Amino acid sequence: AKQFPETFELIKVTDKSEQMRGELDSLYREVIVSLLCIWFVLVLFLGNSRAALIVLSSIFFSLAGTFLVFWFFGLSLHLLTLAGLVFGFGRVVDDSIVVLDNIQRHTVEGKTAEKIVRAVEQVRLPVIASTIATIGALVPIAFLPEDLKPYFLDFAIAVGASLLMSLLVSFTLIPSIANRMSLSSASTTRLSQLGSLLSNVYMRALKFSLRFRKTVLCFLILAL
């Protein structure tokens with residue numbers, strides 16, 4: 001404004017920053033709701049608040065590693081990168097859930113470092129393959145036209161970096177915490193009972209599907 005002549009007057013007609021602040025506030029609320037939903041589902045199906053806490057902690061450690069990737073690529077926290085992080089929340093915990101659940105099954109009769117290593121090795125290849133396949137789905141974004149690429153590239157980097165960090169956390173932090181923290185649940189809550197009920201319903205549905213494979217297959221084809 002100091003460079004303008006005295007006869008000039010600068011008038012602000014619109015302010016996009018107010019809209020951006022509103023969208024960011026809405027995104028922050030969605031982050032909190034996502035974390036609460038993830039916590040509820042983890043306790044429901046794992047039946048153990050400690051195990052749910054371990055898996056939930058993988059989100060924060062994965063985010064910390066993702067921020068390092070942002071710093072390396074010179075990215076900032078804006079609407080697209082935050083949306084990518086929120087989008088990846090549900091997928092970030094998948095690797096940790098698979099690793100921790102297998103550790104639980106191997107350490108029912110006693111916990112040793114050898115059992116934990118064996119449990120991690122059993123699920124290593126499937127977890128790596130699923131994560132790399134998900135990241136591979138983001139590769140075509142790099143071939144978008146130049147006018148569209150800036151809108152999606154930061155989003156893809158945010159999602160891909162968070163998934164890679166979650167893979168690293170699931171193979172390093174999760175086994176270390178599981179080795180030091182008891183995963184057995186002394187009390188049975190209504191939430192864990194509901195999770196057990198849903199698991200029993202799923203097992204019955206699975207047995208029915210395996211028993212009547214042709215019927216289920218024909219029903220699915222007709223449904224499509």
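Me: What makes up the contact of α1 with α3 in this model?
Reply: On the α1 side are Met20, Glu23, Leu24, Leu27, Tyr28, Val31 and Ser34, and they meet Leu79, Leu82, Ala83 and Val86 in α3; contact means heavy atoms within 4.5 Å. By class there are 9 nonpolar, 1 polar and 1 charged residues (Ala, Val, Leu, Ile, Met, Phe, Trp, Tyr, Cys and Pro count as nonpolar, Asp, Glu, Lys and Arg as charged, the others, Gly among them, as polar). The model is predicted: local features need pLDDT of at least 70 and side-chain atom pairs pLDDT 80 or more, while totals for chains, interfaces and linings use all residues. Residues are numbered from 1 along each chain, and side-chain values use heavy atoms, without hydrogens and water.

Me: Why is α1 called roughly parallel to α3?
Reply: The axes of α1 (residues 16-46) and α3 (residues 79-87) cross at roughly 15°. Angles under 35 degrees count as roughly parallel and those over 145 as roughly antiparallel, so α1 is roughly parallel to α3.

Me: And what makes α5 roughly antiparallel to α6?
Reply: Helix α5 (residues 113-136) and helix α6 (residues 149-180) have axes that come within 10 Å and cross at roughly 170°. That angle makes the pair roughly antiparallel. Their contact has 11 nonpolar, 4 polar and 1 charged residues.

Me: How do you know that the length of α2 is close to the expected one?
Reply: The expected span is 1.5 Å times one less than the number of residues. Helix α2 (residues 49-73) has 25 residues and reaches 37 Å from its first C-alpha to its last, close to the expected 36 Å. Gly74, with a positive phi near 70°, follows α2.

How values were computed:
Axes fitted to C-alpha atoms, helices over the stretch in contact; angles between N-to-C directions. Helix = DSSP H or I, 4+ residues; strand = E, 2+ residues; numbered from the N terminus. Parallel < 35°, antiparallel > 145°, perpendicular 65-115°, else oblique.
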